[in-house]
Amino acid sequence: MISEAELKELSFPDAPRMVTQVPGPRVKALMEESAKYEAFTRGGADFPVILEHGKGSTAKDADGNLYIDMAAGVAVNAVGRGHPKVLEAIRRQSGAIMHTTDITNPKRIELAKKVSEVMPEGLRGNCHTSFFQAGSDAVETAIKFARRHTGRSQIIAFQGAYHGVWCGTSALTTGYNYRHGWGPLIAGVTHAPYAYCYRCAFNMTYPACNMQCAKYIDYILNTPYTGMDDVAAVIVESEQGEGGYVAPPPEFFQIIKQACEKNGCLYVADEVQSGAGRTGKMWCVEYSGVVPDILTWGKGMGGDLPMAGITYRADMEKSLSPGSQPSTFAGNALSCEVCMTNIDLITDPETDLLGRAVSLGAEVKDRLTQAMSSVKCIGEVRGRGLMVGCEVVADRETKEPLEGAKVGEIAMRLLNSGVLMTPCGRHGNVFRFMPPLTIPRDYALKATDIMIDILRDY
Ligand SMILES: Cc1ncc(COP(=O)(O)O)c(C=O)c1O
């Protein structure tokens, strides 16, 4: 396993270190300039941090405030920012060739092979990959390929899902802001309850529930008169991301997969946020042993450079037609080289970043769970590996979410204490711990302790 000293080298020392209130004068000025020229539809338009320098698991804003990065650019910087091997890859490849348009290039072929090698067993060595830049592109394509392959049109997604916000993916995503006013969204999408056991849609308790939510999918797919007679695919986040870092029991996925097989529709694992080693396995779906027909990926696979893709069962190739899903920037050779470097770093058995994600994630979760005896607003701590969610509530008995103003106050106090962390969830009340997998242990635990101290006041 990689040593803490080596990991420390990858980040700025002595984080966190604050020199101004957040936002400081330079960030404030930049936010005003951004509001003048950029679209305010961008994510986090009022987020009071604008980063200027990043190193490993630390980053400095434009005023020089140094943060511990518990956000990793929303689960993107899996190996941290500016990893020396990534910088070396950029230097190496940028001198050769970068853009080749959608005609392929040697780096892209090499990456498709490497992606195949790290797919979950069953898909491994038996798949093809289509490259894009964003997770939304990948999921859009999954909808199209599933429809084309099955000759069917309906899609089942889940309550709390986030799959992107393009024209097709907005229909799968459930957040009001991403759906409202953009309609009509694509037809034929049904949302079923996700295994959000803390707030069970059926008001049941695991395991006595007998996985009612997963069985409901089997019921609607395989029972006459449910209206689900033309389903092309069921798309499932292997740990729900924006919906609140919700990690279902493995049976949830297994029962859904069996229901898909019985029905003849495809199982799409959306691993855009939960993949690339985040949960301690290369793909979170591997915890359940389910073999997806299609796996969508992005975020941590590209890291410092944009890269996303869809990897699908090899036999699906025969139902697709040549040249029917082109994309100008797809498979940029520079992004491919960086993606391969990231995969190598994440899966290296010597450094064992995957094993470390499991043990460090467990340590973070333990600290938060132990704090529950004295911190009354922590409702639940959950998640796999370094994809940990801490749901805050006003009342532990009723599970009433902590009110938005207080969550906002906590988020600001975290920033002012030098911890980069953003809330998510259906009620916006889940703080998510998604640092780079390379975060030094003492930084991860320091950020957790800062969080616990702040939560004591609520
Ligand atoms: C599970 C999941 N799918 C798809 C997407 C969309 O990815 P992108 O923002 O790169 O388009 C996201 C983004 O957060 C995601 O979490």
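# Reading a predicted fold, step by step

Guide: Let's start in the middle: the largest nonpolar core has 129 residues, and Ala142, Val234, Ile256 and Val268 have the most contacts inside it. Helix α11 (residues 333-347) gives the largest share of this core, eight residues. The core also draws at least three residues from each of domain 1 (4-70 + 352-455) and domain 2 (87-347).

Guide: A word on the source: this is a predicted model, where local features need pLDDT of at least 70, side-chain atom pairs count only at pLDDT 80 or more, and totals for chains, interfaces and linings use all residues. Residues are numbered from 1 along each chain as its sequence is written.

Visitor: What is a nonpolar core?

Guide: It is a set of buried Ala, Val, Leu, Ile, Met, Phe, Trp, Tyr and Cys residues joined through C-beta atoms within 7 Å. A residue is buried if 20 or more other C-beta atoms lie within 10 Å of its own, exposed if 12 or fewer, and partly exposed in between, with C-beta atoms placed from the backbone.

Visitor: Which residues is Ala142 in contact with?

Guide: Two residues are in contact if their C-beta atoms, placed from the backbone, lie within 7 Å. Leaving aside neighbours within four places in sequence, Ala142 is in contact with Ile235, Val268, Ile294, Thr296 and Ile310.

Visitor: Now Gly309: is it buried or exposed?

Guide: Gly309 is buried, because 27 other C-beta atoms lie within 10 Å. You'll find Gly309 in strand β10 (residues 308-313). Helices (H or I, at least four residues) and strands (E, at least two) are DSSP runs, numbered from the N terminus. Not counting residues up to four places away in sequence, Gly309 touches Val115, Thr129, Ser130, Phe131, Phe132, Ala138 and Trp297.

Visitor: And where is Met451?

Guide: Met451 sits in helix α14 (residues 441-455). Met451 is buried too, because 25 other C-beta atoms lie within 10 Å. Setting aside neighbours within four places in sequence, its contacts are Leu414, Val419 and Phe431.

Visitor: How many residues surround the ligand?

Guide: A residue is near a molecule or strand if its C-beta atom, placed from the backbone, lies within 6 Å of it. Here 15 residues surround the ligand, and the closest are Ala134, Gly135, Ser136, Val272 and Gln273. Helix α6 (residues 135-150) supplies the largest share of that shell, three residues. By class, the shell has five nonpolar, seven polar and three charged residues. In this scheme Ala, Val, Leu, Ile, Met, Phe, Trp, Tyr, Cys and Pro count as nonpolar, Asp, Glu, Lys and Arg as charged, and the others, Gly among them, as polar.

Visitor: How many residues of domain 1 are in contact with domain 2?

Guide: Domain bounds come from an automatic or database domain assignment. In this model, 23 residues of domain 1 are in contact with 20 residues of domain 2. On the side of domain 1 that touches domain 2, α12 gives the largest share, five residues. The C-alpha centres of domain 1 and domain 2 lie 26 Å apart.
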